[in-house]
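Dear colleague,

Please find the structure we discussed below. My notes on it follow directly after.

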There are 4 protein chains.
Amino acid sequence: MLDHIIAKIIEFRNERDWKQYHNPKDLAISISLEASELLENFQWRGSEEAVSEKIGNIKDELADVLIYSLLLANELDLDIQQIVESKIEKNKVKYPVEKAYGNKTKYTEL
Amino acid sequence: MLDHIIAKIIEFRNERDWKQYHNPKDLAISISLEASELLENFQWRGSEEAVSEKIGNIKDELADVLIYSLLLANELDLDIQQIVESKIEKNKVKYPVEKAYGNKTKYTEL
Amino acid sequence: MLDHIIAKIIEFRNERDWKQYHNPKDLAISISLEASELLENFQWRGSEEAVSEKIGNIKDELADVLIYSLLLANELDLDIQQIVESKIEKNKVKYPVEKAYGNKTKYTEL
Amino acid sequence: MLDHIIAKIIEFRNERDWKQYHNPKDLAISISLEASELLENFQWRGSEEAVSEKIGNIKDELADVLIYSLLLANELDLDIQQIVESKIEKNKVKYPVEKAYGNKTKYTEL
C-alpha cells in the first residue's frame with residue numbers, strides 16, 4: 001500500500017518535471033512548511049474546536065506532510081518501515097517504561 | 001505494512017500510557033517540532049554535505065515526523081491512503097501539467 | 001537601544017568569524033528552528049504550566065528568535081522600525097476593526 | 001524606539017480586542033507559523049534569487065515574526081534588551097571563541 005502511494009506521488013512529480021527542484025534540503029524545508037500549515041489549523045483554538053471546524057484542512061495538510069516526507073525518503077533511498085522501526089527501538093532506550101510511564105518529561109530530563 | 005508500523009507505534013505509546021497527552025493540537029505541534037529537528041541537519045550546509053555527514057540523524061528525525069503524523073492520523077481516524085490520494089487529486093487541479101511543467105512557482109501565482 | 005542590541009549581536013558574530021555562514025536562506029532556517037525550540041516549551045502543556053515551569057527556557061529561546069531576526073534584518077539592510085510599522089499598516093487593511101473586532105478568523109475568510 | 005514599536009503593536013491588538021486570544025502558547029505557535037511563512041520565500045531557491053525576487057514578502061514576514069515575538073515578550077513582562085543580552089552571555093559560554101572561530105559545529109558537538 002505504501003509502495004502504491006509512493007508511486008502515485010512520484011508520478012505526480014514526474015509529470016511536472018519537478019525532480020530537478022527536489023534536493024534534500026528544500027524537501028526538508030517543505031516538510032517543515034507543511035507541518036506549519038497543519039498547525040495553523042490549531043492556532044487560537046483548542047483541539048476540539050479545531051477538529052470540528054477545520055477537519056478538511058487538517059486532512060489536506062497532514063497529507064502534504066506525508067507526501068513530502070515520502071519524497072525525501074525516496075530521494076535518499078530510505079526504507080520507511082526500516083527507519084521507523086529503528087527509531088522506535090531508539091525511543092525505547094530513551095524512554096524506558098519504568099521511567100516514562102504516564103510521564104511527559106523529555107528524555108534529557110528524565 | 002503501514003498497519004504493521006502503526007501497530008508498533010501505538011504499542012510503544014500504550015506501554016508508556018501516553019495517549020492522555022496526545023490530543024490533536026499537541027500532536028500537530030510535535031510534527032512541527034520534529035520537522036524542525038530534521039531541518040536542523042541542513043542548517044549552514046548544502047544538501048550534499050548534510051546527507052554525507054548527517055544521514056543517521058536525518059533518518060531518525062524523518063522517522064519521528066512520520067511517527068507523529070501516523071499518531072495524529074490514528075487519533076483522528078484518518079485513512080492514510082485516502083487522505084494522500086485525495087490531496088494528490090487536489091494538487092493536480094492546483095498545478096495543471098501545462099502550467100506547472102518545469103515550473104516551481106506557487107499555485108497562487110501560476 | 002535596538003542599535004545597541006544589534007551591535008552586541010554583530011560583535012558576537014564577528015568574534016567567531018561566522019558572517020561567512022549567515023546567508024539569508026540559512027538565517028531564515030535558523031529563525032524557524034529557534035521558533036520551534038521556543039514552542040517546544042509549550043508541548044504537552046497549557047500556557048500557565050509552561051510559563052510557570054519553563055520561563056527560563058522561554059526567555060532564552062525567544063531571545064534566540066530575536067537574535068536571528070535582527071541578524072537577518074542586518075544582512076538585508078532592513079530598518080526594523082520601518083518594516084514593522086509598514087506591516088502594521090498592511091494588517092490594518094487586512095483586518096479592518098469593524099470586521100475583526102473580537103474575531104479570530106483569518107483575513108482570507110473574514 | 002522599541003517602546004514606540006511595541007506601543008503601536010499593542011494599540012493594533014487592542015483596537016481589535018484580540019488580547020483574549022493571545023495566550024503565550026498560541027503566541028509561540030504564531031511566531032513559529034510566521035517564521036515558516038518567512039522561510040517559504042526561500043523554498044526551491046538560493047538566497048540571492050529569493051532576495052532579488054521576494055524582498056517585499058521577506059520584509060513583511062520578518063516583521064510578523066518580530067510583531068508576535070514582541071507580543072509574547074509583552075505578555076510575559078519580559079525586557080527585550082535584558083533577555084537578549086543575557087542570552088548572548090550564555091552563547092559566549094557555549095561557543096568560546098577559541099573553539100568556535102570559523103566553525104559552524106553545534107555546541108553539543110564542539
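By what turn and what shift along the axis can chain B be laid on chain A? A turn of 180° and a shift of 0.0 Å along the axis do so, with an RMSD of 0.0 Å, where copies are superposed by least squares on the C-alpha atoms of residues with pLDDT of at least 70 in both. This is therefore the relation of a two-fold axis. The same surface serves both copies, as 100% of the contact residues of chain B recur in chain A.

Please note that this is a predicted model, in which local features need pLDDT of at least 70 and side-chain atom pairs count only at pLDDT 80 or more, while totals for chains, interfaces and linings use all residues. Residues are numbered from 1 along each chain as its sequence is written, chains are lettered from A and ligands numbered from 1 in the order in which they are written, and side-chain values use heavy atoms, leaving out hydrogens and water.

Regarding the interface, 60 residues of chain B are in contact with 60 residues of chain A (heavy atoms within 4.5 Å). The two chains bury about 5900 Å² between them, 72% of it on carbon and sulfur atoms; buried area is the accessible area (1.4 Å probe) lost on being put together, summed over both parts. In chain B, the residues that lose the most area to chain A are B:Arg16, B:Lys25 and B:Leu66, together 9% of what that side buries.

The rule finds 4 salt bridges across this interface (a side-chain nitrogen of Lys or Arg within 4 Å of a carboxyl oxygen of Asp or Glu). B:Lys90 and A:Asp60 meet in a salt bridge through their side chains, at 2.8 Å, N to O.

With kind regards
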